[in-house]
Amino acid sequence: EDQVTQSPEALRLQEGESSSLNCSYTVSGLRGLFWYRQDPGKGPEFLFTLYSAGEEKEKERLKATLTKKESFLHITAPKPEDSATYLCAVAGATNKLIFGTGTLLAVQP
Amino acid sequence: GAVVSQHPSWVICKSGTSVKIECRSLDFQATTMFWYRQFPKQSLMLMATSNEGSKATYEQGVEKDKFLINHASLTLSTLTVTSAHPEDSSFYICSGSRREGQGVDTQYFGPGTRLTVL
């Protein structure tokens with residue numbers, strides 16, 4: 001059964017304190033792993049797609065990496081505006097996304 | 001690019017009435033559109049998948065007669081919640097998918113619609 005597990009459930013950081021969020025997955029025939037950001041009361045905002053192990057992508061203070069079993073979202077020197085829930089999802093044989101439960105990130109000034 | 005809109009952003013209705021939610025891809029043609037619902041502090045739950053001009057495919061446990069989906073064009077899908085009841089109150093989010101790198105579809109989400117049934 002395809003499954004996505006994210007950890008930690010919640011993370012509190014001081015502004016400037018770098019950290020990483022984890023997304024572990026099991027899927028038959030990974031076609032893509034996706035990271036989204038979701039603010040309260042809003043729909044998810046697309047961040048990255050990773051297609052194969054070893055791939056890395058960056059956007060501002062965020063960097064996503066992928067191995068055969070997990071993905072990391074590294075946040076470098078976060079700012080309060082980075083506070084959000086970060087969702088990881090995988091696409092297997094179908095176009096359907098299987099989501100993890102998310103990591104709620106709070107960055108304090 | 002890849003902007004998806006939803007209308008309305010929130011709606012309050014009386015029990016027994018029907019509510020229609022629109023989902024539009026504004027700057028791209030979505031090969032497929034998806035409808036999700038999200039409960040507080042939970043992740044997204046896929047309700048159905050729809051392609052233009054064909055019947056929607058519903059996930060197990062989702063009543064197709066209660067949640068009517070119409071996919072009139074490559075940029076518009078609608079979800080109608082029929083005979084709504086308080087237990088249908090939720091946050092409904094749609095997405096449109098676009099074929100991108102390596103032949104994989106990326107889903108872009110709308111801002112969501114908060115439905116409250118009194």
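1. Glu59(B) forms a salt bridge with Lys96(A), and the closest N and O atoms of this pair are 2.8 Å apart. The count of salt bridges between chain B and chain A is one. It should be kept in mind throughout that this is a predicted model.

2. On the side of chain B that touches chain A, strands E4 (32-38), E5 (44-50), E9 (90-99) and E10 (105-109) of chain B each supply at least two residues. Of the elements on that side, E10(B) gives the most, with five residues. Sorted by class, the side of chain B that touches chain A holds ten nonpolar residues, nine polar residues and three charged residues.

3. As to the extent of the contact, 22 residues from chain B and 18 residues from chain A take part. The area buried between the two chains is about 1600 Å², and carbon and sulfur atoms give 56% of it. Ser43(B), Val104(B) and Phe109(B) supply 26% of the area that chain B buries against chain A, which is more than any other three residues.

4. Within chain A, an open sheet of five strands has the order E1-E3-E8-E7-E6, and the pairing is antiparallel. Strand E1 (3-7) and strand E6 (56-59) of chain A stand at the edges with a single partner strand each, so one side of each is left without a neighbour in the sheet. Neighbouring strands of this sheet are turned by 15° against each other on average, with direction ignored.

5. One pairing in chain A can be followed in detail: strand E3 (residues 19-26) and strand E8 (residues 70-75) run antiparallel and are joined by six bridges. Ser20(A), for example, has His74(A) in E8(A) as its bridge partner.

6. In chain B, the cis bond joins His7(B) and Pro8(B), with omega about 0°, and Pro8(B) is placed in the loop between strand E1 (4-7) and strand E2 (10-13) of chain B.

7. A further backbone point concerns Lys41(B), a residue other than glycine whose phi has a positive value, near 60°. Lys41(B) sits in the loop between E4 and E5 of chain B, and both of these strands supply residues to the side of chain B that touches chain A.

Notes:
Residues numbered from 1 in each chain as written. Chains lettered and ligands numbered in written order. Predicted model: local features only at pLDDT ≥ 70, side-chain atom pairs only at ≥ 80, totals over all residues. Heavy atoms only, no water. Pairing = 2+ DSSP bridges. Helix = DSSP H or I, 4+ residues; strand = E, 2+ residues; numbered from the N terminus. Axes fitted to C-alpha atoms, helices over the stretch in contact; angles between N-to-C directions. Contact = heavy atoms within 4.5 Å. Buried area = accessible area lost by both parts, 1.4 Å probe. Salt bridge = Lys/Arg side-chain N within 4 Å of Asp/Glu carboxyl O. Nonpolar A, V, L, I, M, F, W, Y, C, P; charged D, E, K, R; others polar.
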